[in-house]
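Work through the exercises below with the structure open beside you. Try each task before reading its solution.

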Amino acid sequence: MNKLSKGIVLISAAALTLGLAACGSSTNSDAGHVYFLNNKPEVVDQWNELADMYTKETGVQVDIQSATSGSYESTLSSELAKNNAPTMFGIGGFDQYAKYKNYLEPLQDSEAYKLLNEQGKQMAHKDGDDVYGLPYAAEWFGIIANKKIINEYAKKSYSVIKSFDDIKDFATLKKVADSIQQHKDDLGLDGAFSTPGLDASNYYRYASHMTQVPVAYEYIDEGVDFEKELKGTYLDNYKALWDLEMKDNPTENTMLGSVNYEDSTAEFSTGRVAFYPNGVWAYSQIKDNDVADEDLAMLPYYMGFPNESKYAANSIYDISWSVNKNASEKDKKATLDFIKWMVTNDDAKKILAKDMGFAVPFTTFDSEDFQPDNPLTKSALKLESDGLTPIHGACIPGQAWADGVANALLEYAQGTGDWNGVKKAYLDDWTSAWNDYESNFGMLPPVHK
């Protein structure tokens, strides 16, 4: 998820030190220590387990602080300024790379970098010959669907499809969603879509992820992977899907600002709605509820784009491990040893691949034993193996831009603003945000034609 648009909560001292010495063990302070600032809140338990395992095995202290909703970047900036700053932290996207480059240790000579597969090396954060981030998860986002609900709907006399497999474009998705919403009582549902909540914990799905899709299609038209100024060619397509989600969900539009991530997720995980826009990372909150793994599927973000039935779900390498160059040499070595251990130790690899559900781009994960069981990841990969063209996530100009889009969406939903406000936040603020990056950091994302 752009988990990076989520923030940090300081978890209890007991949880923070879960990676410290367990009962009957002791830490080895001479070997340095690891402090990881994690920006993926949905896998905090697994991170604490990794920390505990490593400390028991090596005696090296590992502290974990994890992200939830709030302000990740402000906390990261604050933590990096401290004497006991993180020795490693998550970096996602060009915007964070540009902001925190002065804290980043070059990693191209590390043993962990050499273990990245070719795609992992291609997606690593680079500046010339230097590498500043090691991507550790390939992820996908789109519209998560409950196939059981949709196939049960398909049996009804009022159905507009014969099966889930008929949904291959926005026109069909809209017909199905409208029909499900109309007949929700007969189907025993609360609505077609989960609530498109615009609470701070929730709006990253619409302001940071869904926004990337029309940008990506515009880039396809232009034959580039970055532009400082957008034409807004497909902004009306974004509006069409947003309007559909606002209309076909369980919540009144005036209440969207109060619906948080947990509320929206629960609507889907308890089988009360058919569609849930999000990414493969949501599986950790969906599983062990009322939707069976075999009923989960990932649809692309259909919005009525040209030839959209030929494209797969959006793929992103949005999170990377980075090492704090200002840490002591001892702590940097401890941190790099910890990273190498995670991608070479079989038990650690299983936690990353099986428990966290990551498709990890290191050569040490090539075996089927270390491929994710996440059914959403498998569904997204099947779209690509079936011959559909992957769409890579477009780089957005940071949290402030996403906040502006989310605020404009909320005003539009509540009737206190119109779509022109969304258009301004989306297009005009995009250009001004990148101008600020160029002015403040002296760089923009590279353009490849």
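**Exercise 1. Find what lies over the face of Trp-419, and at what distance from the ring centre.**

Solution. Lys-239 lies over the face of Trp-419, at 5.7 Å from the ring centre. A charge sits over a ring if NZ of Lys or CZ of Arg is within 6 Å of the ring centre and within 35 degrees of the ring normal. Elsewhere, the charged end of Lys-349 is placed over the ring of Phe-365, 5.7 Å from its centre.

Before going on, note that this is a predicted model, in which local features need pLDDT of at least 70 and side-chain atom pairs count only at pLDDT 80 or more, while totals for chains, interfaces and linings use all residues. Residues are numbered from 1 along each chain as its sequence is written, and side-chain values use heavy atoms, with hydrogens and water left out.

**Exercise 2. Lys-349 belongs to helix H16 (residues 346-355); determine which residues of this helix are buried and what covers them.**

Solution. Helices (H or I, at least four residues) and strands (E, at least two) are DSSP runs, numbered from the N terminus. In H16, the buried residues (buried means under 20% relative accessible area, with a 1.4 Å probe and protein chains only) are Ala-348, Lys-349, Ile-351, Leu-352 and Ala-353. Their cover, judged by contact (heavy atoms within 4.5 Å), includes helix H2 (44-58), strand S12 and helix H15 (329-342).

**Exercise 3. Classify the aromatic pair of Tyr-217 and Tyr-311.**

Solution. Rings of Phe, Tyr and Trp (its six-membered ring) pair if their centres lie within 6.5 Å; planes under 30 degrees apart count as stacked, over 60 as edge-to-face and the rest as tilted. The whole structure holds 33 aromatic pairs. Tyr-217 and Tyr-311 have ring centres 5.3 Å apart and planes at 70 degrees, so this pair is edge-to-face. The pair links distant parts of the chain, with Tyr-217 in helix H11 (residues 212-222) and Tyr-311 in strand S11 (residues 311-316), 94 residues apart.

Notes. Buried means under 20% relative accessible area, exposed over 50%, partly exposed in between (1.4 Å probe, protein chains only).
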